Amino acid sequence: MNSLLLLKQMLMLFAMMVSGYIVFKRGIFDHVGQHQISKLIVGLLNPFLLLSALSGDKPAGGLTLSLQNLLSAVIYYVLFIGISYIYFFFRGGDVGHRKLKQLMLIFSNLGFFGVPVVKALLGDGYVIYLIFYMLFFNLIAYTLGIYIATSGSSGGGHFSLRSVINIGTVTSVIALILYFANVTIPPTAASFCSYMGNACIPLSMILIGGSLAQLDLKTVFTDKEIYLFSLFRMIIVPAICILIMRILPFDPYIVKICCLVISMPIATLVGMIAEQYAHEGNYCNKMTAMTTIMSVITVPLLSLLYL
């Protein structure tokens with residue numbers, strides 16, 4: 001039953017992406033509008049999406065579940081970073097592209113996809129546990145992520161610690177402090193955060209659809225390399241990691257959240273990092289597009305392993 005609910009949720013998100021694809025193709029919004037909406041999501045709506053998680057009913061388990069969730073987030077990133085390096089050393093081909101595939105293996109779209117899926121399956125209260133993953137996501141993306149992207153280019157590996165201090169990291173830290181301090185957000189403020197945060201989900205899906213509209217989808221669907229890597233990224237790696245998570249002595253809900261994160265498609269941030277630091281954004285965007293489309297089927301399919 002939960003797998004069916006998950007399928008419906010993924011189909012709804014896919015419909016939002018299709019809407020974005022159509023309105024971009026029809027010229028209702030363009031590159032300028034896309035950039036402005038992206039800034040609106042990152043700078044305003046996404047922080048409210050994180051804070052809105054504090055307004056839900058908190059799950060029973062308190063500190064024990066929080067520590068289990070923290071450990072599961074650490075295990076998740078250790079697994080995926082480890083797999084990415086194994087892939088890099090044992091897979092042949094262009095070094096720069098192998099580095100970018102490392103990024104695509106490590107970073108999942110756990111914000112825009114993960115939040116609505118967790119809300120639908122487990123309830124608003126469990127969204128708070130995604131913030132642990134989001135905090136690690138930002139810390140790793142702007143340190144190791146940039147290092148990997150630049151080490152595959154002629155400029156050599158480098159990153160700036162200043163880049164770690166961004167709205168996503170700061171909001172995640174604030175949300176976790178409020179959570180552990182057991183601060184209750186007043187009902188009116190909670191409703192405001194919820195309304196603002198919920199706007200982030202359809203807008204982000206529309207943006208992803210707009211990004212798909214800018215790609216030559218014919219080259220995406222006829223590229224053997226994209227198919228093979230996407231199958232590896234969306235079926236083989238998640239299945240192995242889910243089976244590992246299932247044997248750990250964690251609360252079933254904590255395991256479910258981690259497994260949902262594991263099954264998510266490639267994060268759109270990967271393409272942005274690849275473009276800025278390695279000038280290979282289009283290469284990553286094609287892979288992201290394929291895994292995003294595949295996720296409609298693969299996420300519910302993988303859920304049969306843990307739901």
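My notes on the overall picture follow.

**Ground rules.** This is a predicted model, where local features need pLDDT of at least 70, side-chain atom pairs count only at pLDDT 80 or more, and totals for chains, interfaces and linings use all residues. Residues are numbered from 1 along each chain as its sequence is written, and side-chain values use heavy atoms, with hydrogens and water left out.

**Confidence.** I checked pLDDT, the predictor's confidence in each residue, from 0 to 100. The protein chain averages 87, and 93% of the residues score at least 70.

**Elements.** I found 13 helices and zero strands in the protein chain. Helices (H or I, at least four residues) and strands (E, at least two) are DSSP runs, numbered from the N terminus.

**Overall shape.** I looked up the radius of gyration, taken over C-alpha atoms; the globule rule is 2.2 Å times the number of residues to the power 0.38. For 307 residues a compact globule would come out near 19 Å, and the protein chain, at 18 Å, agrees with that. The C-alpha trace spans about 50 × 45 × 45 Å along its principal axes.

**Inside and contacts.** Of the 307 residues, 51% are buried, meaning under 20% relative accessible area (1.4 Å probe, protein chains only). I also looked at contacts (heavy atoms within 4.5 Å). Among those between residues at least 6 apart in sequence, 83% join residues at least 24 apart.

Technical notes. Buried means under 20% relative accessible area, exposed over 50%, partly exposed in between (1.4 Å probe, protein chains only).
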